[in-house]
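Load the model in a viewer and keep the selection panel at hand. The stops below can be taken in order.

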Amino acid sequence: MPDFSSALALLTSPAILFFFIGAAAAFARSDLTIPEPVAKALSLYLMFCIGFKGGVEARAAGLNGDFIAAGVIGIALSALMPLVAFIILKRTSRLDRSTLCALAATYGSVSVVTFAAGQQHLEAVGLPAGGYMAAVLALMETPAILTALLLLNGAGRGEPGRRRTILKEVFVGAAMVMLLGSFLVGLVSGNAGMAKLELFVGPLFQGALCFFLLDIGLIAARRLMEGGRKLSPGVIAFALGFPMLSAAVALGLARLAGLDVGNAALLTILAGSASYIAVPAAMRLAAPEADTGVFVTASLAITFPFNLTVGIALYTAAAVWFWA
């Protein structure tokens, strides 16, 4: 049987506890809030740290078959799982096509903060993943959005001018530029660069992650209070069940590809996450009529807390058991 003893350590880590503090403050109607510019700066900082450290570690490890295999699996999952989600939702919900496509894209793309929490958890239990997984994270953000655009076009949407604007938003958006840019800087500068930025991307990262998750806890709880009534039982079941389906597919593919347990666990955690930054930004342009009260609330207020409290530990335990 899988060993779930690490779940308590995850739930009692400072970053996760700050998420619960934020949620509790929101449910208590506290006026606590994080200014939007500060939250955006924290988000960019976290992406910078993840990308840069990943680039440094990738340089140390060198280009290898695991990197290529994980990248191919990640892109395939991000491109194809939205189709599976679309089919499931079309049969089990009454969502309009725009909202349905947005929800499918949300669960095909990934969460940077879930990645960061998963990375910290794996290091804590002695299963560190390769630094190149930061690049895999970046690769998994966009294919799901492109798949959603194809699904929208099937409904007669997607004028050429709008498509160009959306593609620009996807490929040169802040998240993509910061993640890939900092990864390349770390890849080029290596350990010499890390020596200069070690304090900035090391000890300070934990404090920033705590502060950011405090904000996410506030937002998630407030989204749930405001938009929770829009979530049907079918959508809630999807928000809890589909991540586990994606994670199971990723775990099986990682095993077939021969990835080691740490990289397989982190890839599984990524597959089980859902976007609440990149996809809403793109869908705002592609399908402004899509109901954010459904697809953002499902991701941020249902799936994200589930992954923090259960999912990350569950996927890690499953990988350890599967590789035993």
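The tour goes from the core to a helix pair and then to a pocket.

This is a predicted model, in which local features need pLDDT of at least 70 and side-chain atom pairs count only at pLDDT 80 or more, while totals for chains, interfaces and linings use all residues. Residues are numbered from 1 along each chain as its sequence is written, and side-chain values use heavy atoms, with hydrogens and water left out.

Select Ile-50, Met-133 and Leu-213: these have the most contacts inside the largest nonpolar core, which has 105 residues. Such a core is a set of buried (under 20% relative accessible area, 1.4 Å probe, protein chains only) Ala, Val, Leu, Ile, Met, Phe, Trp, Tyr and Cys residues joined through side-chain atoms within 4.5 Å. Helix H15 (residues 292–323) gives the largest share of this core, 14 residues; helices are DSSP runs of H or I, at least four residues, numbered from the N terminus.

Next, show H5 (residues 97–108) with H15: the two helices pack at an angle of about 35 degrees, their axes 8 Å apart. Axes are lines fitted to C-alpha atoms over the stretch in contact, and angles run from 0 to 180 degrees between N-to-C directions. Thr-99, Ala-102, Leu-103, Thr-106 and Tyr-107 in H5 meet Val-294, Phe-295, Ala-298, Ser-299 and Thr-303 in H15, where contact means heavy atoms within 4.5 Å.

Finally, select Glu-36, Tyr-276, Ile-277, Pro-280 and Ala-281, the closest to the centre of the largest pocket among its 40 lining residues. A pocket is an open set of points on a 1 Å grid over the protein atoms alone where a 1.4 Å probe fits, with protein on both sides within 12 Å along at least five of seven lines; lining residues have an atom within 4 Å of a point. H11 supplies the largest share of the lining, 8 residues.

Key
Buried means under 20% relative accessible area, exposed over 50%, partly exposed in between (1.4 Å probe, protein chains only).
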